[in-house]
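Dear colleague,

I am handing over the structure below, together with a short account of what was found in it. Please read the notes alongside the coordinates.

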Amino acid sequence: MKILLTQPSQERGLGFRSLAVVEPLGLESVAGHLSEHSLKILDLRVENRLADVLKEFRPDFCGINCSFTIDVYQTREIAAAIKKWERRVPVFVGGHHASLSPEDFYCSDIDGVVVGEGEVAMGDLVRAYERGKNWKDLAGLVINEPAGPHRTPDRPMVENLDELPIPARHLTRNYRKHYYLGFQKPFCIMETARGCAYRCDFCSVWKFFNGKCRMKSPERVIEEIKTIPEKYLFLADDNFLQSIPRAERIAHLLIENRIKKRITFQARSDSIVRQPGIVPLLRKAGFWKVFIGFEKIDEEALSQLNKHNSIQNNEEALKILRAHGMEVIAAFIIDPSFQKQDFQRLRQYILDRKLYSPSLTILTPLPGTDLFARVKEKLVTTNYELYDYVHAVLPTKLKLADFYQEFTELYKTGYAWSQIGWEGAAAILRHTFKFSHLLSMKRAAWDSVDPLNYLAGHQRQAVPLRTTQGWSGFRGCGQ
């Protein structure tokens with residue numbers, strides 16, 4: 001059977017699209033479980049020619065990844081285009097947003113939603129279709145029917161992640177030169193674990209994984225890394241240090257196998273403070289940059305996020321990491337209630353601690369999170385294209401133009417050459433793959449510091465999404 005797996009283009013909105021294009025790891029992972037079929041991954045961010053691919057490849061079954069809220073409209077448009085080409089071809093949607101908000105995909109152009117992990121579910125789904133069996137007999141699906149969506153029983157998650165095949169990265173071979181994370185290129189992303197033990201109210205990850213954490217064995221991690229030719233590697237785990245003994249074993253295996261990578265990972269500051277001895281070992285093994293969610297600069301604001309961490313831990317982790325030459329990307333959440341003095345305090349905090357290239361996002365209540373349930377009545381827009389972490393979808397205390405002016409000033413502070421310093425600038429230039437990529441990143445930076453670009457997003461009209469409540473009929477995605 002011919003199966004087409006599609007990644008939306010993310011051509012709309014601002015957000016991270018201009019600063020990073022990472023491989024569709026979810027689709028690669030699903031494809032790894034469908035190896036007995038003829039497969040094609042179409043990444044519309046790189047190759048925006050859906051109509052041509054449908055005619056050339058002629059798929060028998062289609063899957064679309066919708067992990068991000070900003071991709072909802074494009075996902076529905078892709079489904080409509082597929083059904084216009086051939087009505088009989090099944091179309092299913094999966095990913096984080098689709099799993100947590102399947103009602104956004106209730107339309108006649110979409111046959112259903114795969115809820116949760118997709119590898120085994122897609123295998124069962126395709127097999128049932130081949131054999132003419134009823135999808136309702138399968139777990140972990142929401143089947144779209146004219147009478148309404150039919151939800152099947154929950155599917156248990158994969159207990160042993162080592163049993164999952166290595167993602168089918170060969171299917172994105174022609175795209176790989178286009179993937180990057182900032183100045184990191186050639187670049188690859190992989191996961192060594194799934195889930196998070198914490199319950200931050202703004203996060204959808206623990207919701208998606210039902211609050212469970214599972215980890216691949218160090219040996220399985222090294223097996224996969226050996227298949228990756230790219231120099232730069234990003235570990236997508238929410239907290240790579242949730243098991244220090246496992247992290248130590250992975251580091252030792254990297255050294256023993258003489259694997260030379262530049263690895264970026266994500267970790268909580270309290271994990272680093274509790275086990276500072278892990279840092280020099282990781283540095284020796286090729287770990288060079290860590291992404292840490294500082295989130296806030298005062299304890300009260302941090303506690304409101306249910307983070308269960310402290311500003312003191314953030315400060316101490318920063319000292320430990322820098323003492324061993326580890327670069328730190330500190331992530332901060334900008335509250336829509338910020339006044340000018342709040343922006344000024346954060347700017348000064350960034351300057352005082354020389355936190356160049358910080359991650360700056362506006363508090364965004366993603367559907368399916370505890371935060372969304374708590375504040376949904378306060379939302380000022382239902383336009384999903386603004387749910388890109390850099391637009392305010394909750395009321396701001398400042399006038400919107402003033403809020404974005406202050407927000408862009410934060411970017412100027414964190415990304416100014418004077419803040420980065422000569423050493424940081426040299427590192428950026430040294431690791432830039434091509435001069436053309438440097439120019440592209442420069443254009444992206446200019447876009448990020450122009451408040452008019454953010455205001456323009458609010459002028460676009462939201463695409464109305466029908467829900468299962470008050471339905472007048474089962475219609476196409478674009479109707």
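The sheet comes first: six strands form an open sheet in the order 10-13-14-15-16-17, with parallel pairing. Its edges are strand 10 (187-190) and strand 17 (359-362), each of which pairs on one side only, and neighbouring strands are turned against each other by 20° on average, direction ignored. Please keep in mind that this is a predicted model.

Within that sheet, strand 13 (residues 232-235) and strand 14 (residues 262-266) pair in the parallel sense over three bridges, and Phe234 stands opposite Thr264 in strand 14. Two helices lie across strands of the sheet. Helix 12 (residues 311-323) lies across strand 15 (287-295) and strand 16 (327-334), running at about 170° to strand 15, while helix 13 (residues 340-352) lies across strand 15, strand 16 and strand 17, running at about 175° to strand 16.

Next, the nonpolar cores. The largest has 60 residues, of which Leu241, Phe265, Phe287 and Phe332 touch the most other members, and helix 8 (residues 244-256) gives the most to this core, with six residues. Leaving aside residues up to four places away in sequence, the contacts of Phe265 include Leu235, Phe240, Leu241, Leu282, Phe287 and Met326, and also Lys289. A second, separate core has 34 residues, among them Leu50, Leu54, Ile64 and Cys107.

Asp111 is found in the loop between helix 4 (96-100) and strand 6 (112-114). With a relative accessible area of 18%, Asp111 counts as buried, because that value is under the 20% cut-off. The side chain of Asp111 reaches the backbone nitrogen of Val91 at 2.7 Å. Not counting residues up to four places away in sequence, Asp111 touches Val91 along with Lys83, Val89, Pro90, Phe92, Trp135, Val142, Ile143 and Asn144.

Finally, the cysteines. How many disulfides does the count come to? The count comes to zero. For Cys196, the closest cysteine sulfur is that of Cys213, at 5.9 Å, which is too far for a bond because a disulfide requires the two sulfur atoms to be within 2.5 Å. Cys196 is buried, with a relative accessible area of 16%, and Cys62 also counts as buried, at 0% relative accessibility.

With best regards

Note on methods:
Residues numbered from 1 in each chain as written. Predicted model: local features only at pLDDT ≥ 70, side-chain atom pairs only at ≥ 80, totals over all residues. Heavy atoms only, no water. Core = buried A, V, L, I, M, F, W, Y, C linked by side-chain atoms within 4.5 Å. Buried < 20%, exposed > 50% of the residue type's maximum accessible area, 1.4 Å probe, protein only. Helix = DSSP H or I, 4+ residues; strand = E, 2+ residues; numbered from the N terminus. Contact = heavy atoms within 4.5 Å. Polar contact = N/O pair within 3.5 Å; in protein donor to acceptor, adjacent residues only side chain to side chain. Pairing = 2+ DSSP bridges. Axes fitted to C-alpha atoms, helices over the stretch in contact; angles between N-to-C directions.
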